[in-house]
Amino acid sequence: MKFRALLTAVVGITTATTTLALPADAAPPGAAQPQQVAAGDPAQAAAAADKAVSSQVDELTRGPDESYNRVAVTPGASEMYYVSYERTYKGLPMVGGDAVVVVDGAGKVRDTVAATGPSPRGVATTATISAEQATETAKTRLSRVDDTAAPRLVVLAWGEQPVLTWEAVVSGILDGKPSIQHVFVDARTGKIADSYDLVRAGTGNSYYYGQVTIGTSGSGSSYSLTDTSRPGIQCGGQNGSAYTGTDDTWGNSSGTNLETACVDALYSVQREWDMLRDWLGRNGINGNGRGFPARVGLNAVNAYWTGSYTNFGHNQANTQQATPIDVVAHEFGHAIFQTTPGGAGSGNENGGLNEATGDIFGAITEAYAANSNDPADYLVGEEVNLVGQGPIRNMYNPSALGDPNCYSSSIPSTEVHAAAGPLNHWFYLLAEGNNPGGGKPSSPICSGGPSSVTGVGIQTAAKIFMGALNRKTSSWRYANVRAASVAAAIELYGANSAQCRSTKAAWSGINVVAASNEPACT
C-alpha cells in the first residue's frame with residue numbers, strides 16, 4: 001500500500017486521466033435511452049478550471065503559502081466536467097482543503113466548491129514525532145494489525161484548527177471485522193487528532209433473478225467470471241481470484257452456492273454500471289472507466305466495501321448470500337462515494353451520508369434493472385432477510401425501523417447507518433413526493449416542513465444527487481449536500497424549474513434549512 005506523490009507549489013500541473021468511450025453493451029430491456037456523456041474537450045475543461053483556480057474565483061481563495069494541484073477531470077451528465085483539486089500548505093497536502101470546479105462542454109466555469117475552514121497560517125511544518133512513532137500510535141486503533149503503510153506528513157484542516165499530523169494507514173481487524181484506518185497523529189504531541197475507516201460495513205443461474213445474462217470472459221474450455229467490457233469488474237472467492245470454469249454457464253440457483261452468489265453480484269454491479277452510464281453520464285464505478293472486484297463467501301452476516309473491493313457474506317439463517325441488487329449496489333455505492341471529489345471523510349455525519357449514498361444507489365439500480373423478481377421498493381435488504389426481520393432500512397419512513405426521519409443536532413453523534421435516515425428520506429421525497437399514489441407508499445414530512453413535496457421521478461432525482469456528489473468535499477455534512485443538490489438542480493434544469501423547487505422542498509421536509517446565500521428557484 002503506497003501513497004501517490006503530490007506535486008506542490010504549481011497550480012494545475014497534475015495530469016488527469018479521462019475516459020470518454022462508452023461500453024458497447026446495450027442497456028437491459030425497459031431502460032431509458034442513454035444519457036449523453038460530456039462531449040466537450042477534457043483538456044479545455046481542465047484549462048478553464050485551472051484559470052479559475054489561478055484567479056482565486058469565488059470559493060477558491062487561498063493564503064500566500066497555499067497552492068492547488070489538479071488531481072482529476074471527471075465527465076458527467078449534460079456535458080459537464082467536474083475538475084477536482086487538492087490544496088497544499090508550504091508544500092504539504094492539506095487534508096480537508098480540497099475543491100471542485102464545474103465546467104460545461106463549452107469551457108465555461110459554472111460553479112466552484114471548496115472545503116473551507118480556519119487558515120493554516122502559522123501552523124508548524126516540522127514534525128517532532130517520528131513517522132515510526134506515529135505508526136505505532138495508529139496501530140492502537142486496531143485489535144489486530146495486518147499491514148501498515150509509510151505515513152505522510154499533512155496539515156489536517158477539517159477540525160476546529162489546522163494541525164500538522166502524520167497520516168498513517170493501518171489495516172487489520174477491529175471488533176472482529178476488517179478495518180483499514182486512516183489515522184491522523186499530531187506530529188507535535190503524538191496524540192490521535194482524528195481517524196476514519198475505509199471499510200464500510202453494510203449490510204448465469206441466479207438465486208434472486210432467475211436465468212440472467214452476465215458479462216464474462218474466455219473461450220473454448222476456459223472461462224472466467226471477469227467482465228472484460230467493464231474493466232476491474234470480476235467475482236470470486238475470498239482469495240481474490242475470479243472463479244473459472246470449463247464452460248460459460250455459472251451457478252445452480254442455490255442460495256448457498258458461491259458461484260451462484262457471484263452470478264447475482266455480477267448481474268447487480270453490471271446493472272449499476274449501465275445505470276451510471278445511461279442515466280447519470282458516469283463512466284464506470286470510479287468515473288474514469290473502471291470498477292472494483294467482488295468477493296463472495298465471507299463467513300459473516302454482513303457485506304462491506306474495503307476501499308478496494310466489495311465482500312459479501314450470508315444471512316443469519318445461512319440460507320442465502322447477501323447479493324441482491326440493492327445490497328450489491330449499496331456496497332459499490334461506497335466506492336462511488338470514495339471516488340467522487342473529497343473521498344471518504346471523517347465523523348458520523350459524513351459516515352451517515354456515505355451509508356445513505358449506498359442505499360440511494362441501491363434503490364436507483366433496482367429501479368433501472370426493472371427485474372420483476374425484485375421490484376423497486378426503497379427498502380434495503382428485504383430480499384436477503386439478513387437477520388430474519390425483513391429489510392434493514394426503510395427509505396420512505398426510516399423511523400419504521402428505528403432510524404431518524406429528520407435531521408437534528410444529534411445526527412453528528414448518531415451511529416452511521418442510523419445517521420443515513422434523513423438523507424434516505426430526502427431522496428424518497430425528491431424522487432416520489434410525500435404522497436405519490438399509484439401503490440407507492442406515502443412518506444411523512446417532518447414538523448415545520450412544507451405541506452407537501454412533489455416528486456420529480458427517480459431518474460431525475462438520481463441525476464440531481466449525482467450532480468451533488470460531483471461537488472463533494474472531504475468535510476461534507478448535511479448542509480453541504482443541500483447546497484450541492486440545489487446547485488445541481490439549477491445546473492441541470494434551471495433556476496425557474498419544478499426540479500429546483502422540489503429539491504428545496506424535500507430538504508425542508510427533513511428539517512435541513514437553507515443557508516443564507518442559497519440561490520432562489522426563480
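Mentor: The crossing of H5 and H7 is right-handed. This is read from a predicted model. The two helix axes come within 8 Å and cross at roughly 35°. On the H5 side, the contact is made by Leu353, Ala356, Asp359, Ile360 and Ile364, while H7 contributes Leu423, Asn424 and Phe427. Sorted by class, the residues in the contact of H5 with H7 are six nonpolar, one polar and one charged.

As background, nonpolar side chains in soluble globular proteins tend to be buried together.

Leaving aside residues up to four places away in sequence, Trp426 touches Phe465, Ser485, Thr503, Ala506, Trp507 and Ile510. Thr503 belongs to helix H10. Its relative accessible area is 0%, so threonine 503 counts as buried. With the same exclusion of residues up to four places away, threonine 503 touches Trp426, Leu430, Ile464, Ser485, Val486 and Ala489.

Helix H10 spans residues 498–508, and its buried residues are Cys500, Ser502, Thr503, Lys504, Ala505, Ala506 and Trp507. Their cover includes helix H7 (421–432), helix H8 (458–469) and helix H9 (478–493). In the segment after H10 lies asparagine 511. Its phi is near 70°, a positive value in a residue other than glycine. Because its relative accessibility is 29%, asparagine 511 counts as partly exposed.

Alanine 370 sits in the loop between helix H5 (348–369) and strand S18 (379–380). The phi of alanine 370 is near 50°, again a positive value in a residue other than glycine. Its relative accessibility is 54%, and alanine 370 therefore counts as exposed. For context, most residues other than glycine have a negative phi.

The strands provide a further part of the picture. Nine of the ten residues of strand S1 (residues 66–75) are buried, so this strand is largely enclosed by the rest of the structure. S1 pairs with strand S2 (residues 80–89) in the antiparallel sense over nine bridges. Proline 75 stands opposite tyrosine 81 in S2. Four residues lie between S1 and S2 in the hairpin that they form, and serine 78 in the turn has a positive phi of about 55°.

Elsewhere, an open sheet of three strands has the order S11-S12-S14 with antiparallel pairing. Strands S11 (217–219) and S14 (244–245) stand at its edges, each with a single partner strand, so one side of each is left without a neighbour in the sheet. Strand S12 (residues 222–224) is joined to S14 by two bridges, and these strands run antiparallel. Serine 224 stands opposite threonine 244 in S14.

Key:
Residues are numbered from 1 along each chain as its sequence is written. This is a predicted model: local features need pLDDT of at least 70, side-chain atom pairs count only at pLDDT 80 or more; totals for chains, interfaces and linings use all residues. Side-chain values use heavy atoms; hydrogens and water are left out. Buried means under 20% relative accessible area, exposed over 50%, partly exposed in between (1.4 Å probe, protein chains only). Contact means heavy atoms within 4.5 Å. Two strands pair if DSSP finds at least two bridges between them. Axes are lines fitted to C-alpha atoms, for helices over the stretch in contact, and angles run from 0 to 180 degrees between N-to-C directions. A crossing is left-handed if the near helix is turned anticlockwise from the far one by less than a right angle, and right-handed if clockwise. Ala, Val, Leu, Ile, Met, Phe, Trp, Tyr, Cys and Pro count as nonpolar, Asp, Glu, Lys and Arg as charged, and the others, Gly among them, as polar.
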